Protein chains: 2
Amino acid sequence: MEPIVQVMELFRHQRAVRTFRDEPVTDEVLHTVLEAARHAPSGSNTQPWRFLVLRDAGVKADLSFEYELAQATRAGRPSPSREQAEAGMIARAPVVVVPCVTVPGRTGHAGFQTGASIYPACQNLMLAARALGLGSVLTTTHRIRRAEIHALLGIPVTYESAALIPLGWPGRAYGPNRREPVEMAVCFDHWSE
Amino acid sequence: MEPIVQVMELFRHQRAVRTFRDEPVTDEVLHTVLEAARHAPSGSNTQPWRFLVLRDAGVKADLSFEYELAQATRAGRPSPSREQAEAGMIARAPVVVVPCVTVPGRTGHAGFQTGASIYPACQNLMLAARALGLGSVLTTTHRIRRAEIHALLGIPVTYESAALIPLGWPGRAYGPNRREPVEMAVCFDHWSE
């Protein structure tokens, strides 16, 4: 994908990329997308996040197995083999980012609005990736195997994992994204369908 | 604020803007930021959102009263007068956007990961606003008075309100945002503090 600096074009060209070329993501590129993430807003600017960056092949393979199990559970398919897991998106991505957010002490668990302090950072990270020509996708399916994945990665009970975001150079070309016309999703001054 | 087209500069210059000039936001500008929102990713690209756009002074004043009540409740302050509410951020913003998301049928309520299908759209909307020189801020404090606000705006039980986002031309100049160094919030391959 070509780099993009025009903001509106950037929004229009963010796509879910799940297959990656066998080409490394440099430290510099990785730093740039993480920098973008940390500039996101969060509740009272508390910046309650931690970004777990996975590059080790063994760790990605173990995570991929849990992720493919989660996918299979959701789809009602039989469990994947270890081999299948190693051919999966998570194992094959050069980098996987796991954005985590502090669990609010008040309630003891991450609720709907906790997402307001981590998903904007995820979006900044993915937009920055796309701006550089890098592909990514956000999945929350891993949460079906949340306990096992948190144990695997050592995520403490004080944090919640918001997503898995694989990153890499796209394996093919992508056109602009497709969306419903905005008029279909807007109402003025009072709810209407 | 000056318009921004360089993406990384855009991230660095998103600020929480709470005071606005007495100058209208045109339909064209509003359309642009809503277009940006709808290009955001969502779970399985379901686009499960609806954007309630408030411009009517009476509606904004009523909402402002509930919002100021929520703020007062959170801070343990006495309830605001109607006059105080009408001087508040929500009443004085030329436009207030209330992004709403479909409540998952499976669980019957919006959970943490429901946010993955609406907060990226909020972030696109605010980034597009900033790119145009428009100020905004995301607040979830309204949720303390969620029932009253949903009744006021006619939001059905099948939707959850993710935030209030006031929009307007900033009342003053803003420098870049301030964040902790990214290294403080990143770990590699396994959790570490």
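About 6,400 Å² of area is buried between chain B and chain A, and carbon and sulfur atoms give 61% of that figure. Keep in mind as you read that this is a predicted model. Three residues, B:Arg50, B:Phe112 and B:Trp191, together supply 15% of the area that chain B buries against chain A, more than any other three residues.

**Who touches whom**

Let's look at the contact between the chains. On one side stand 78 residues of chain B, and they are in contact with 77 residues of chain A. The polar side of this meeting consists of 38 residue pairs in polar contact, counting pairs with both residues at pLDDT 80 or more. Salt bridges between chain B and chain A number 0, although a search of the whole structure finds 20 of them over all chains.

Several helices and strands of chain B each supply at least two residues of the side that touches chain A. Here are some of them, with their residue ranges:

| Element of chain B | Residues |
|---|---|
| Helix 1 | 7-12 |
| Helix 2 | 27-38 |
| Strand 1 | 49-54 |
| Strand 2 | 95-102 |
| Helix 6 | 119-131 |
| Helix 7 | 146-153 |

Strand 4 (159-161) and strand 6 (186-188) of chain B belong to that group too. Helix 6 of chain B gives the most to this side, with 8 residues. By residue type, the side of chain B that touches chain A splits into 45 nonpolar, 19 polar and 14 charged residues.

**Strands across the boundary**

The two chains also share strand pairing. Strand 6 of chain A (residues 186-188) pairs with strand 1 of chain B in the parallel sense, over 3 bridges. Within strand 1 of chain B, B:Val53 is the residue that A:Phe188 stands opposite.

**How the copies are related**

Chain B can be superposed on chain A by a rotation of 180° with 0.0 Å of shift along its axis, giving an RMSD of 0.0 Å. That is the relation of a two-fold axis. Both copies use the same surface, as 99% of the contact residues of chain B recur in chain A. Of the residues of chain B, B:Phe112 comes closest to the rotation axis, with its C-alpha at 2.1 Å.

**A salt bridge in chain A**

Finally, a salt bridge joins the side chains of A:Glu9 and A:Arg12, at 3.2 Å from N to O. Both residues, A:Glu9 and A:Arg12, lie in helix 1 (residues 7-12) of chain A, 3 residues apart, or about one turn of the helix.

Key: Residues numbered from 1 in each chain as written. Chains lettered and ligands numbered in written order. Predicted model: local features only at pLDDT ≥ 70, side-chain atom pairs only at ≥ 80, totals over all residues. Heavy atoms only, no water. Contact = heavy atoms within 4.5 Å. Buried area = accessible area lost by both parts, 1.4 Å probe. Salt bridge = Lys/Arg side-chain N within 4 Å of Asp/Glu carboxyl O. Polar contact = N/O pair within 3.5 Å; in protein donor to acceptor, adjacent residues only side chain to side chain. Helix = DSSP H or I, 4+ residues; strand = E, 2+ residues; numbered from the N terminus. Nonpolar A, V, L, I, M, F, W, Y, C, P; charged D, E, K, R; others polar. Pairing = 2+ DSSP bridges. Least-squares fit on C-alpha atoms with pLDDT ≥ 70 in both.
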